[in-house]
Amino acid sequence: MFVATSLIALSGLLFQTIAAPNAIGERALQNNCNRDNVFRAFVDPRYSASASAFCSTYIRPTVKATTTVKSTVTPAANGKRDLPVTTYPPSRLSSACSCILTATPSPTTVVTTVIATVSATTVTTSPTACSAATPIVKNGDFESGSLAPWALTQVIPPLPDYAQYLTLGVSSPGFGGSKYAFRANDQVASSYVEIDIEQSLTVCAGTKYGFAAKFYITDARDGPQTFVEAFVDDTLIAINQASDAVGPPIVWKTLTGSFTATSDKAQLRIAFIATDYLNVEWAVDNVVVTPATA
């Protein structure tokens, strides 16, 4: 005589099932219940609660994992030997579960939480190196034979009223045997004469630059009231007040200065100035701007 004992949590009626539940359609619910050992154990009042809990999970539609259920069948107290372990196919379990449940269990919603760890990487971006095209001063030696890209921006007294008294432009000779230089000659009986030439430079903001140019001044008197001045963005960076006695010989000198660029553009202006003089001549050549060395 045999007694069906524990199922699932209780060790009793032993059966072992290697169940590979696929889609719920593979375990079709059956209306005709086969009262086999599995079904009888499920409806046994001692185990029905455990059976119901098991079945509500076993045939839940969203179960995906392989389920192994083991139960044990042991002989009654007067039994003479142990019965071997019995293996039931999944269809037997599904059939028995379908018979004891009044409704198909609601599908289980499985929520998978994925925690992603993002490692922040600090990227250091170096500013793009600035490199102004060279030469920074275009046509600084005037060897093109013309003034461009320089521009004549100021003449005092103004042209054309005093055109017969002022001679302006690129002419020969230049410094050191070169062909051209820029010259201005003043024959104006005026208390003040100024002639300016300018050009826009492409530079690197924050960079310090050196300025240099060759020049000469000749006048009828040897005095300090004739000037060559250099400005960047209207800031004076170089000035020379020396002059020669009326030439020849012409003595070329060097005008130097420096500035720090505040943007990527700089306006270079060279001014030729005289006060209360006639017969003054200025010349400039070899104008250069280069990054200053430490």
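A salt bridge, as used here, is a side-chain nitrogen of Lys or Arg within 4 Å of a carboxyl oxygen of Asp or Glu. Keep that cut-off at hand for the exercises below, and remember that the model is predicted.

**Exercise 1**

Find out which residue Arg 269 pairs with at 3.2 Å, and which strands the pair ties together.

*Solution.* Start with the charges: side chains of opposite charge can pair when their charged atoms come close. Next, look at the distance: the closest N and O atoms of Arg 269 and Asp 196 are 3.2 Å apart, and the two residues form a salt bridge. Then place both partners: Arg 269 sits in strand S14 (residues 265-274) and Asp 196 in strand S9 (residues 193-202), so their pairing ties together parts that are 73 residues apart in sequence. Finally, check the surroundings. Arg 269 has a relative accessibility of 13% and counts as buried, and Asp 196 is buried too, at 2%.

**Exercise 2**

Work out which network Glu 198 belongs to through salt bridges that share partners.

*Solution.* Begin with Glu 198 itself, which forms a salt bridge with Arg 269; here the closest N and O atoms are 3.9 Å apart. That value falls within the 4 Å cut-off, so the pair counts. Glu 198 belongs to strand S9 and Arg 269 to strand S14, so this pair ties together parts 71 residues apart in sequence. Glu 198 is buried, with a relative accessible area of 16%. Now follow the shared partners: Glu 194, Asp 196, Glu 198, Asp 234 and Arg 269 are joined into one network.

**Exercise 3**

Decide whether Asp 44 is buried or exposed, and name its salt-bridge partner.

*Solution.* First the partner: Asp 44 forms a salt bridge with Arg 46, with 2.9 Å between the closest N and O atoms. Then the accessibility: the relative accessible area of Asp 44 is 15%. Buried means under 20%, so Asp 44 is buried. To put this pair in context, the structure holds five salt bridges.

**Exercise 4**

*Solution.* Take accessibility first: at 3% relative accessible area, Gln 199 is buried. Next, trace its side chain, which reaches the backbone oxygen of Lys 138 at 2.8 Å. Last, list the neighbours: leaving out residues up to four places away in sequence, Gln 199 touches several residues, including Ile 136, Val 137, Pro 149, Trp 150 and Leu 268.

Conventions:
Residues numbered from 1 in each chain as written. Predicted model: local features only at pLDDT ≥ 70, side-chain atom pairs only at ≥ 80, totals over all residues. Heavy atoms only, no water. Buried < 20%, exposed > 50% of the residue type's maximum accessible area, 1.4 Å probe, protein only. Helix = DSSP H or I, 4+ residues; strand = E, 2+ residues; numbered from the N terminus. Polar contact = N/O pair within 3.5 Å; in protein donor to acceptor, adjacent residues only side chain to side chain. Contact = heavy atoms within 4.5 Å.
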